Amino acid sequence: MAAASGFRTVEPVEYYRRFLKENCRPDGRDLGEFRTTTINIGSITTADGSALVKLGNTTVVCGIKAEFAAPLADSSNKGYIVPNVDLPPLCSSRFRPGPPGEEAQAASQFVADVIENSQVVMKEDLCIVDGKIAWVLYCDIICLDYDGNLLDACMCAFLAALRNVQLPAVTINEETGLAEVNLKEKIPLTIRKEPVATSFILFDTVMIVDPTAEEEDLATGMLTIVTDEEGKLCSVHKPGGSALTGAKLQDCISRATARYKEVKKLIDKVIKSVKPT
Amino acid sequence: MRKRYGEARGWIGAMETEQKKCDSGDLPSLRRIVCEQGLLSRPDGSASWMQGDTSVLAGVYGPSEVKVSKEIYDKATLEVMLRPKVGLPGVYERSREQMIKKTCEAVVLGTLHPRSSITIVLQVITDAGSLLASCLNAACMGLMDAGLPMGSLFCGVTCALDADGNFTLDPTAKQEKEAQTVLTFAIDSIEKKVLMSSMKGTCSVEQLQQCVAASQRAADTIFQFYRDSACRKYSKW
Amino acid sequence: MPLDHRRVPGPEESQSPLLFVAGGAEEEASEARRDPSALQPLFARVSLLSQAKGSAFVELSGGTKVLCAVYGPREAGGGGEARGRLVCEFRRAPFASRGARRKPSERDPALAQALQEALSAAVRLGRYPRAQLEVSALLLEDGGSVLAAALSLFDLVSACALCRRGGEWLLQPTEEETRRACAQLTVALLPSLNQVAGLLGSGEGGPPESWAQALRLGLDGCQRLYPLLRESLLRAAKAHLPLRNLQLKRGTLLHRVLQNK
């Protein structure tokens, strides 16, 4: 045992390769196996919608707060969705206090890209009065425990939180022209698409799903595929790393489609358990 | 600056092809490419890359000394800085920087220069579509000019799909805006595999595969351009 | 305000919908009288985070949720000091409070300072020369008594918040009560030594006797919290017999707790 852990420390790559030869991983999973995923929604009452997602050890919380703002002049019938990923020093010792670092920024942009690509919520749906007032959805995603596969966890938390959002009813007072909010009447958001992300790491030519932080550090490349319910691709995000053939890409997409069903089922179940209709 | 240094070391290669939309069966067509290497005196390598009206300037520094906090004991620390045409770089630039950086890391033989730094600075001069692809190409030309050891070359290709499923290679900004999907790939020169991929909009799996295939074919054209320009540069020397 | 280039930009200005609630001010007056010395039920768990050396989560029934992690000791930059350094950080999630969303760049130096002062009394920093311990706390939901909850995350520092309304002091106020209070006091106690480690008061508290009374009430609250926290630590210790997650900061203190038992 002591020898094994020494081997792991001194030659992490070689250690890992030995496992791959046997088609399994140090934590006992198959190469295509995800860690246990749990979702908890509505746990933060100060937010308009919230979700906590655990993917093995990786824990991510997403809180959505809705506010009013004037729409932009060139898109007067559109609201805003502002996603931001935060990796505080709390979640891992690799992150320093201060403004978001490179990884957090890249993750924020990834979530923003997926929102834009998939049109998960039509920005037109967030408009209250054309040119005057619209909803802004601030989606703050905070990682509480960083153990790899951040993007999948973020997307899952984001989607679950979005489905949990309840916006208060808004009417416009004819005399003053101001908005009036009725907190007693709540309306859920219209969600058009449900994008689900599936991440892989490339270890030379081997593809492995749902990497831990340790695996990500050893990997030679990463790939994240986002699919929606029609099987369309909302993102094929491969930020460099080892090269991939079209055929390998196809394998990954098939795995991502299978994963989509699992996550969708899980979110539906959680939403249902909270709101028995 | 170009007058003083550019003419001594640089050269200009140009390639013209007529730009048109093509089906998957047709040969890929790209906008006119113009590239000049070694035009800046301070960096160890530099390149100005133009495809159509999109223009990116790359400066490569390294291998040079690295900050202790960023030092990696068994390989070079690679950094990419992407400067937009106006304003300060934001989250968008940061995420593109990360993509370009990881693409370069995959091909640059960093293990030959441990504990040193390689910095690539990319300045956008004009954005008229296919910007990320142009940045990748400029970075690769810059790395070549700096003489850094690489396992292979790479190039960036952008592919736009319209609502009918027709695709355009190397789209202009207008074509990108009208397109349903815009895909950008980085392709390596040895096996024509996909090093990087990024996507705007949605598409089906078949469309993705078509675009990958078309980009791989377009990559041949760009690599031929790389080869020609390197030949011309060194034969003039 | 300068533009933040490290976050996805939103609109320049936005207002909370609570400002536009029809019928003006909120008048959900829950004037339910309660026993001023009653404590909110508290839920505490330790060693939740896989990456941290030690971590804890505390939730009060009023809604306050605080997560805390300890990293280190690691090499402290910039010269060697005989005593270790304790670096505290306190963050609020942007969605943690009612009303307007907070800008994510806003941090809470005052609370971090209070946390640091109370904790440096408890941690034996002399044992970690030239090292740095990092403590970061994250507030996920604000339901009142925030600082107290954050403090009680650390083994044997227990803490209690009070707020004064009219003539009397209430223990562990909820968020509603805090908003209406005219004075607040947070007390941190090292129960095993019976010493006060931290004290943070604000507002108009009335005569000195009143503060003294508040302090007494607070200390009493701390003493009552202590067994709760101790129990959750012990439970965790039993679950992880090698004490791996607790070793660092808690090890020595825990040892003492176990012996007391």
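Author: Happy to. One definition to begin with: helices are DSSP runs of H or I with at least four residues, strands are runs of E with at least two, and both are numbered from the N terminus. Please keep in mind that this is a predicted model.

Let's start with the surroundings. In chain A, an unreviewed UniProt entry places "domain: Exoribonuclease phosphorolytic" at residues 33–168 and 195–257. Residues 195–257 of chain A are 29% helix and 38% strand, and the C-alpha atoms at the two ends are 11 Å apart. For residues 33–168 of chain A, the figures are 24% helix and 37% strand, with the end C-alpha atoms 41 Å apart.

Chain B carries the annotation "domain: Exoribonuclease phosphorolytic" too, again from an unreviewed UniProt entry, over residues 30–149 and 153–217. Residues 30–149 of chain B are 28% helix and 33% strand, and their end C-alpha atoms are 28 Å apart.

Now for the close look, which is at a sheet in chain B. Here 4 strands form an open, antiparallel sheet, and their order is E8-E7-E9-E10. Its edges are strand E8 (167–169) and strand E10 (194–200) of chain B, each of which pairs on one side only. On average, neighbouring strands of this sheet are turned by 20 degrees against each other, direction ignored. Looking at one pairing, strand E7 (residues 154–161) of chain B meets E8(B) in the antiparallel sense over 3 bridges. For a pair to find on your screen, take Ala160(B): its bridge partner in E8(B) is Thr168(B).

Finally, a word on chain C. Chain C has 5 helices and 9 strands. Read from the N terminus, its elements run β-β-β-β-α-β-α-β-β-α-β-β-α-α. Of the 261 residues of chain C, 46% count as buried. Among contacts in chain C with a separation of 6 or more, 66% come from residues 24 or more positions apart.

Definitions and conventions
Residues are numbered from 1 along each chain as its sequence is written. Chains are lettered from A and ligands numbered from 1 in the order in which they are written. This is a predicted model: local features need pLDDT of at least 70, side-chain atom pairs count only at pLDDT 80 or more; totals for chains, interfaces and linings use all residues. UniProt positions are given in the numbering used here, feature names are shortened, and annotations may be inferred rather than shown by experiment. A residue is buried if 20 or more other C-beta atoms lie within 10 Å of its own, exposed if 12 or fewer, and partly exposed in between; C-beta atoms are placed from the backbone. Two residues are in contact if their C-beta atoms, placed from the backbone, lie within 7 Å. Two strands pair if DSSP finds at least two bridges between them. Axes are lines fitted to C-alpha atoms, for helices over the stretch in contact, and angles run from 0 to 180 degrees between N-to-C directions.
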